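Dear colleague,

Please find below the structure for your files. My notes on it follow directly after.

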2 protein chains.
Amino acid sequence: MVTRIAVLGAGSWGTALAAVLADRGHAVVLWGRNAAHLDELRRAHENRRYLPGRKLPPSLEPTADLESAVAGRALVVFALPAATVREVATRAIPHVSPDAILVCASKGLEENSGLTLDRVLARVAPALPIVLLSGPSFAAEVAQGLPAALVAASIDAVAAQTVQRVVASERLRIYTSDDVLGVAIAGALKNVIAIAAGCADGMGVGHNARAALITRGLHEIGRLIERLGGNPLTVAGLAGLGDLVLTCTGDLSRNRKVGLALARGESVPAILQGLGQVAEGIHTARIAHDLSVSLGVEMPITAAVAAVLAGVSTAREAVADLLARELGPERA
Amino acid sequence: MVTRIAVLGAGSWGTALAAVLADRGHAVVLWGRNAAHLDELRRAHENRRYLPGRKLPPSLEPTADLESAVAGRALVVFALPAATVREVATRAIPHVSPDAILVCASKGLEENSGLTLDRVLARVAPALPIVLLSGPSFAAEVAQGLPAALVAASIDAVAAQTVQRVVASERLRIYTSDDVLGVAIAGALKNVIAIAAGCADGMGVGHNARAALITRGLHEIGRLIERLGGNPLTVAGLAGLGDLVLTCTGDLSRNRKVGLALARGESVPAILQGLGQVAEGIHTARIAHDLSVSLGVEMPITAAVAAVLAGVSTAREAVADLLARELGPERA
């Protein structure tokens, strides 16, 4: 069955999702803010800036007109940087069909509010079902048709199953979950741990220490999820462990690159300039650290990353501090 | 405080543990079966076969005499291949001090009995406290003094804390756990998932698929642990996730190499000959698959690895089967 879908955000992930959904035979429009970029994308049948080498199916319609992009679409997929989700949603929602499902494919926490991005969408569109799509998914690999597995999380089981049916293919496996909060927090926070893992790699502390850091990182994410009322087991799933393993070990990860650069002693402004793309973990570290302090949840790795990013300590000092912490039971 | 320690097994892990314990100032004897190898080790102050490049502290005593090795030792550490734990323990225990603690640093399941190795020790020495030492620990890195974190699991909390105190250093962090079963199963089964991950890597399925495989692999290990009465959260700890991440991503892992070779279509005997060392996952896959069938626990990745190792299906067929499985909720 053909589903009419709008994908908002013509970065690498939005473009990859739009391309594979169009390949599946759905009627897909891809919206981006930059009209010149969208024109280029339409002419070249390729997103040369963010997904070079992937020819886009002819049926895929690139557009810079948000109103027409979302009108009459059964699925509206948000694949935007965390910082722009609220603004784009606020403009889009008045034109979205009242029986549409919103899909949040962005990961991160909103500045100031500290909200997960599905909650941001819920604030803007309280009447629409919202499904979070998360998990280990380098856009370039999904675009190439390599296999991947994602989780579709919603408190609305029917909406989650609809997204599962529409998106899943032989190559893209979709599991469902009802722990929206856990999936959202895990997806946002794994970027912070990826920065820490990049730091550790850059300092040459070895595979054992990196594996321990990933494990302890997931553990503190689980503590935050539990404190917020989610299921601590979610961190062991695709949106937690799966995505974290990918981010911490893949060479493609932007957040890991940030950590590698921090270990070399580069400044945050210099790192951002070098990347040319958003690394959500930089913002998430500070927001999550504030959240952990206000909730009284112990998150030493997140605190260390926030301190290094703020210039309060060096990567070397932060790693030494983490190693000097008192020992106790593994789960406490 | 100086503790008298015997480490049984002069492979890479036993030698690395013995070396760092001797560095800590403990009185350590390292036992190995092969007298000629131990002589060489004594003369060279180096285990050139299994841990080349790591000078051994002069205080470390290599020996091939099991009886004198264990007599009067407060800690007896088993760092042996799974297949030899029972035989060596049976010979050693009559000479072990009645107030000694046994430390199981081997990972795997026993052939025929299907027992975890701590249970094998418990059968041989029912009166002694047993502590499992597990977690992400490439021997070469620990030997070099790179940081690592391990878990010491025991039903005897005092024994676990003793091991923590004796083994822990600034470089080697030891957490305690009371879920012996979970730690043992996770440590054994991660080798099976590592073979699967090596297969996937060898077939070039990409980072996303590997991350998904690692996640789903941990998930099925958690199901087995739960069915056996352990804590499913243990798979998210150092002995589960931590060790699996290490094994699945490190180039040093023997089990991963087995998977890479299977993907190239090599036969199991040829692979074993090429390795020259034990890859526990080969045995564990078959034993764990039998266990899962008899307990009625669904373990599709373990089943696929067992089938490829038995020559019943090719790596390509196994991966295709895993991708074709029916979709459902992430936790079921």
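Asp39(A) and Arg42(A) form a salt bridge, their closest N and O atoms being 2.7 Å apart; a salt bridge here is a side-chain nitrogen of Lys or Arg within 4 Å of a carboxyl oxygen of Asp or Glu. Asp39(A) and Arg42(A) are 3 residues apart in helix H2 (residues 35–44) of chain A, and therefore separated by about one helical turn. Helices (H or I, at least four residues) and strands (E, at least two) are DSSP runs, numbered from the N terminus. Asp39(A) is partly exposed, with a relative accessible area of 34%, and Arg42(A) counts as partly exposed at 38%. On this scale, buried means under 20% relative accessible area, exposed over 50%, and partly exposed in between (1.4 Å probe, protein chains only).

The model is predicted: local features need pLDDT of at least 70, side-chain atom pairs count only at pLDDT 80 or more, and totals for chains, interfaces and linings use all residues. Residues are numbered from 1 along each chain as its sequence is written, chains are lettered from A and ligands numbered from 1 in the order in which they are written, and side-chain values use heavy atoms, with hydrogens and water left out.

**Further salt bridges**

Over all chains, a search of the whole structure finds 27 salt bridges. Lys107(A) forms one with Asp243(A), with 2.7 Å between the closest N and O atoms. Lys107(A) lies in the loop between E7 and H5 of chain A and Asp243(A) in helix H10 of chain A, so the pair ties together parts that are 136 residues apart in sequence. Lys107(A) is buried, with a relative accessible area of 19%, and Asp243(A) is buried at 2%. In chain B, Glu46(B) forms a salt bridge with Lys55(B), the closest N and O atoms being 3.5 Å apart; Glu46(B) counts as buried at 11% relative accessibility. Arg33(A), Glu87(A) and Arg91(A) are linked in a network of salt bridges.

**Ser137(A)**

Lys107(A) and Asp243(A) are also among the residues that Ser137(A) touches, as are Trp13(A), Leu150(A) and, from the other chain, Asn208(B). Contact means heavy atoms within 4.5 Å, and residues up to four places away in sequence are not counted in this list. Ser137(A) lies in the loop between E8 and H6 of chain A and is buried, at 11% relative accessibility. A polar atom of its side chain lies 3.0 Å from the backbone oxygen of Gly135(A).

**Strand E8 of chain A**

Strand E8 (residues 130–134) of chain A is largely enclosed by the rest of the structure, because 5 of its 5 residues are buried. In a regular strand the side chains alternate between the two faces of the sheet. Ile130(A), Leu132(A) and Ser134(A) are buried on one side of E8(A), and Val131(A) and Leu133(A) are buried on the other.

Strand E7 (residues 101–104) of chain A runs parallel to E8(A), joined to it by 3 bridges; two strands pair if DSSP finds at least two bridges between them. Val103(A) has Val131(A) as its bridge partner in E8(A). From E7(A) the chain crosses through helix H5 (residues 117–124) of chain A to E8(A) in a right-handed β-α-β crossover. Right-handed means that, with the strands pointing away from the viewer, the path from the first strand over the helix to the second runs clockwise. E8(A) also pairs with strand E9 (residues 148–153) of chain A, in the antiparallel sense over 3 bridges, and Leu132(A) stands opposite Ala153(A) in E9(A).

**Contact between the chains**

The contact takes 55 residues from chain A and 54 residues from chain B. The two chains bury about 4600 Å² between them, 60% of it on carbon and sulfur atoms; buried area is the accessible area (1.4 Å probe) that two parts lose on being put together, summed over both. Arg173(A), Asn208(A) and Glu330(A) supply 16% of the area that chain A buries against chain B, more than any other three residues.

Between chain A and chain B there are 0 salt bridges, but 12 residue pairs are in polar contact (both at pLDDT 80 or more). A polar contact is a pair of N or O atoms within 3.5 Å; within protein, one must be able to donate a hydrogen and the other to accept it, and residues adjacent in sequence count only if both atoms are side-chain atoms.

With kind regards
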